[in-house]
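Have the viewer open while you read.

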Amino acid sequence: MQAHQRMLDPTPNGQHSGKSPLLRTIGLTKRYGDFIANDCIDIEIWPREIHALLGENGAGKSTLVKAIYGLIQPSAGEIHWQGHRIALSGPSEARSRGIGMVFQHFSLFDNLTVAENVALGLDGKESFKDMSARLEQVSKTYGLPLNPRREVWQLSVGERQRIEIVRALMQDPKFLILDEPTAVLTPQEADQLFIVLERLKAEGRAILYISHKLEEVKRLCDTATILRGGRKVETCNPRLETAASLARMMVGGEVKEVKAASGRKTTVPRLVVNDLSLAPAEAHGVRLEHISFELKGGEIFGIAGVAGNGQDELFAALSGERLAKDPGTVLIEGIAAGHLSITQRRKLGAAFVPEERLGHGTAPRMKLSENALLTGHAASGMVHRGFIDTAATLRTVDRATETFDVRKAKRDPEAASLSGGNLQKFIVGREILRNPAVLVVSQPTWGVDAGAAAVIRQALLDLATAGAAVLVTSQDLDELAEIADRIAVMFHGKLSAPLSARDASREKLGLLMGGSSLEPKEIAHAAGA
Amino acid sequence: MQLVLEKRAERSDTIALVSPLIAIGLTIVTMVILFAILGKNPLLALHAYFIAPLTDGYSLQEIAVKATPLVMIAIGLSLCYLANAWNIGAEGQFLIGAVAGSWIAVKTQGTDAGAWVLPAMLGLAAASGALYALIPAICKVKFGASEILTSLMLVYVADLFLDYLVRGPWRDPHGFNFPTTAEFDPVATVPLLIEGGRLHLGSIIALLVVAAAAILLGRTIKGFEIRVVGAAPRAARFGGFNANQLIILTFAVSGALAGLAGIIEVAGPVGHLQPGISPGYGFTAIIVAFLGRLNPLGILIAGLFLALTFIGGEQAQIAMKIPLDVTKVFQGILLFYVLACDSLILYRFRLEFPNRQVARGAG
């Protein structure tokens with residue numbers, strides 16, 4: 001580490017005795033029009049500290065870190081860095097002061113190599129060769145192995161995250177912000193990341209760790225600041241709290257328990273997939289390979305896996321947004337449907353909820369009634385001889401609103417004006433009200449507040465109890481453990497043998513998510529379950 | 001203090017209505033400056049453009065006559081644009097419609113062909129316009145060729161084809177070598193609504209087209225399909241709607257309407273086929289479509305307004321020697337402002353007063 005001092009002086013800038021926080025915000029406020037995203041937030045980050053930022057979606061976590069990283073200008077309040085008040089002109093100034101950030105959504109170019117991607121993110125005073133060498137060295141030092149010459153599209157999500165982390169570390173930050181870093185990792189990959197973070201902490205750096213996984217925070221973090229509705233609720237030591245007490249602070253009340261009705265009966269197969277293989281639709285997409293499973297009425301089947309392992313492709317093949325060559329690869333209610341359009345599949349009794357709420361599940365700038373028509377036009381009596389029955393579409397909106405507690409400002413607003421949780425409740429409600437025989441749902445509670453998530457999970461359980469077959473794709477293992485009867489894992493376009501929910505420990509699922517296979521006896525055990 | 005452009009939570013219906021008026025206002029301000037630079041009295045020029053044409057019956061009829069093709073073409077274009085299909089070649093489809101319809105008129109000239117001639121001309125013109133519009137649509141769907149470029153290039157093909165016909169095979173033998181066909185027979189002419197006036201049956205057809213489009217877009221599942229494919233393509237596919245089929249359909253409909261407008265113009269106000277039958281109706285209709293908010297009723301109003309600028313431009317040229325090209329400048333500026341003002345439907349301006357300046361460079 002010749003030229004680059006890795007070990008930091010824990011008392012920077014000559015403030016030897018007087019301990020002062022590395023970063024401090026005082027009354028930080030950010031307004032968007034009438035909406036206050038951050039309301040007078042005070043936070044202190046000390047060197048050698050892993051500081052958790054907890055909160056539900058929309059609590060203001062992203063706004064706060066964007067202000068600290070210089071991506072947005074606060075409307076009021078102060079940011080102090082190493083004891084001096086600063087105003088950041090942008091992320092490059094933040095980086096030059098020693099603030100680094102790893103985003104949840106990576107900004108990488110698929111067709112460039114690892115080294116080229118890193119070079120694009122740096123300020124570029126050293127030669128490409130020196131930079132590559134340094135990249136390799138940093139990645140080795142921290143146990144984040146990376147081959148600088150590989151192109152990004154060949155890498156797994158975990159490896160892509162490594163690029164972002166190494167890119168941030170190459171600037172030798174004193175303070176590193178990580179936005180939900182474990183959301184895309186297997187449990188084992190997450191464990192490796194924690195070792196790296198502990199090491200960064202030991203070097204005297206500070207880390208701001210955004211998450212909503214409470215167990216993780218209790219295990220890793222020294223301090224936790226909890227935000228709710230744009231305000232700071234509390235700063236506490238998470239190790240002295242229980243997961244339940246942290247959840248209460250985040251939600252501001254008790255979270256409803258989801259209850260499965262006992263004695264759900266398994267009946268006839270309603271969704272069968274037979275040896276489904278499908279070439280990727282676009283460059284660097286995932287090829288589906290020999291996927292087979294059978295889903296009976298009354299059953300919830302969970303598909304786990306790290307994002308980008310073919311879940312989107314499987315959803316498209318099941319929904320009919322992409323057609324299979326062989327009609328027999330997908331059977332809905334016993335009828336070969338591989339060649340049928342999404343509308344025809346809906347007429348057979350299937351319903352679909354995609355991962356992306358805005359732009360896929362709904363047209364964002366259209367009214368809810370029009371979005372009810374979007375999936376209801378085929379089979380819900382909303383269209384007579386080509387003419388739209390507006391009253392019928394509004395009835396669907398009203399029923400979904402009532403049954404699933406959708407909160408909105410007026411009777412029929414634009415989809416984009418609803419919060420994530422309320423829009424998701426509407427979308428799930430819209431499909432469930434059609435009484436589907438088969439419901440295929442992708443990431444049902446992604447980015448949804450705890451209250452809405454409980455409503456949605458309960459709705460899925462109730463639908464299964466009523467006899468429907470429910471297929472849930474999720475990256476949230478806790479969610480699958482809560483509602484699924486069987487769980488399989490998707491990896492590189494292949495689906496593992498299903499495990500019964502009782503046998504599907506985090507460790508086993510984690511191994512499958514990382515591409516390892518289980519011992520033969522375990523699979524045999526699972527198959528017999 | 002700084003001016004911030006921020007996203008609205010929900011689209012503003014008020015601005016959606018007012019935006020064209022703001023755009024017209026800004027255009028007029030710009031034109032006043034332009035007239036002043038040209039050394040013309042801006043007030044007199046504005047009077048010639050916008051007031052004088054409204055003061056006599058002949059001009060009023062002429063506005064309706066000019067608005068007829070604009071509205072018909074713009075309705076078709078609005079269907080394309082709503083579905084995210086960019087037909088820029090309505091001018092070409094207009095000319096092909098005019099040529100195809102004229103073929104029947106030329107071939108039946110001087111014969112005792114009966115009342116079937118005009119309906120046949122209208123039908124053939126619409127079919128030809130549709131077919132001509134299908135060329136870029138199919139190239140788009142099959143090969144991914146940009147429909148903007150192909151539809152635009154086909155305008156010049158149509159223009160030169162018409163030119164060839166009236167200078168060659170279809171030239172009127174008694175026409176003193178002018179590049180024009182003979183005057184169409186009465187059975188091949190669009191009837192007038194007022195004896196001795198200018199208003200013709202085409203204007204009624206244009207009104208019917210507006211009404212049909214309003215019902216299509218507001219009440220039918222096909223209209224919903226058109227809107228959702230344009231507004232959210234991925235959601236539309238999820239809804240089971242096929243974007244490629246809609247590109248074909250909307251191009252065909254807009255081509256048919258442009259072709260119909262073409263033959264109505266030739267068999268109506270012009271009376272024979274000749275080069276220069278269109279002062280750029282197919283292009284001006286793009287402005288009409290956007291100024292009218294891609295909404296049938298809005299297009300009707302916008303069409304009348306732009307027709308006014310054509311008539312006003314002619315009057316300003318006669319009265320004040322302002323070049324006719326200034327009309328095109330006016331229309332271009334107007335489109336620019338309309339598109340700019342439209343951003344205010346989804347965004348709004350706000351003045352932001354950040355707290356006092358903070359010392360930089362600390363730390």
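What follows covers aromatic pairs, charges over rings, cysteines and one glycine.

This is a predicted model, where local features need pLDDT of at least 70 and side-chain atom pairs count only at pLDDT 80 or more, while totals for chains, interfaces and linings use all residues. Residues are numbered from 1 along each chain as its sequence is written, chains are lettered from A and ligands numbered from 1 in written order, and side-chain values use heavy atoms, leaving out hydrogens and water.

**Aromatic rings**

- Searching the whole structure turns up 17 aromatic pairs over all chains; rings of Phe, Tyr and Trp (its six-membered ring) pair if their centres lie within 6.5 Å, and planes under 30 degrees apart count as stacked, over 60 as edge-to-face and the rest as tilted.
- One of them joins B:Tyr81 and B:Trp86, stacked at 4.9 Å centre to centre with 25° between the planes.
- B:Tyr81 also stacks with B:Phe290, at 5.3 Å centre to centre and 15° between the planes.
- Elsewhere, B:Phe35, B:Tyr49, B:Phe50, B:Phe305 and B:Phe330 make up one aromatic cluster.

**Charges over rings**

- The charged end of A:Lys30 sits over the ring of A:Tyr32, 5.3 Å from its centre; the criterion is NZ of Lys or CZ of Arg within 6 Å of the ring centre and within 35 degrees of the ring normal.
- A:Arg199 has its charged end over the ring of A:Tyr142, 4.9 Å from the centre.

**Cysteines**

- Over all chains, the search finds zero disulfides (a disulfide being a pair of cysteine sulfur atoms within 2.5 Å).
- B:Cys80 is in no disulfide, and the nearest cysteine sulfur, that of B:Cys139, is 15 Å away.
- B:Cys80 is buried, with a relative accessible area of 0%.

**A glycine in chain A**

- A:Gly510 sits in helix α16 (residues 506–513) of chain A and is buried at 3% relative accessibility.
- Leaving aside residues up to four places away in sequence, A:Gly510 touches A:Thr186, A:Pro187 and A:Gln188 (contact means heavy atoms within 4.5 Å).

Notes
Helix = DSSP H or I, 4+ residues; strand = E, 2+ residues; numbered from the N terminus. Buried < 20%, exposed > 50% of the residue type's maximum accessible area, 1.4 Å probe, protein only.
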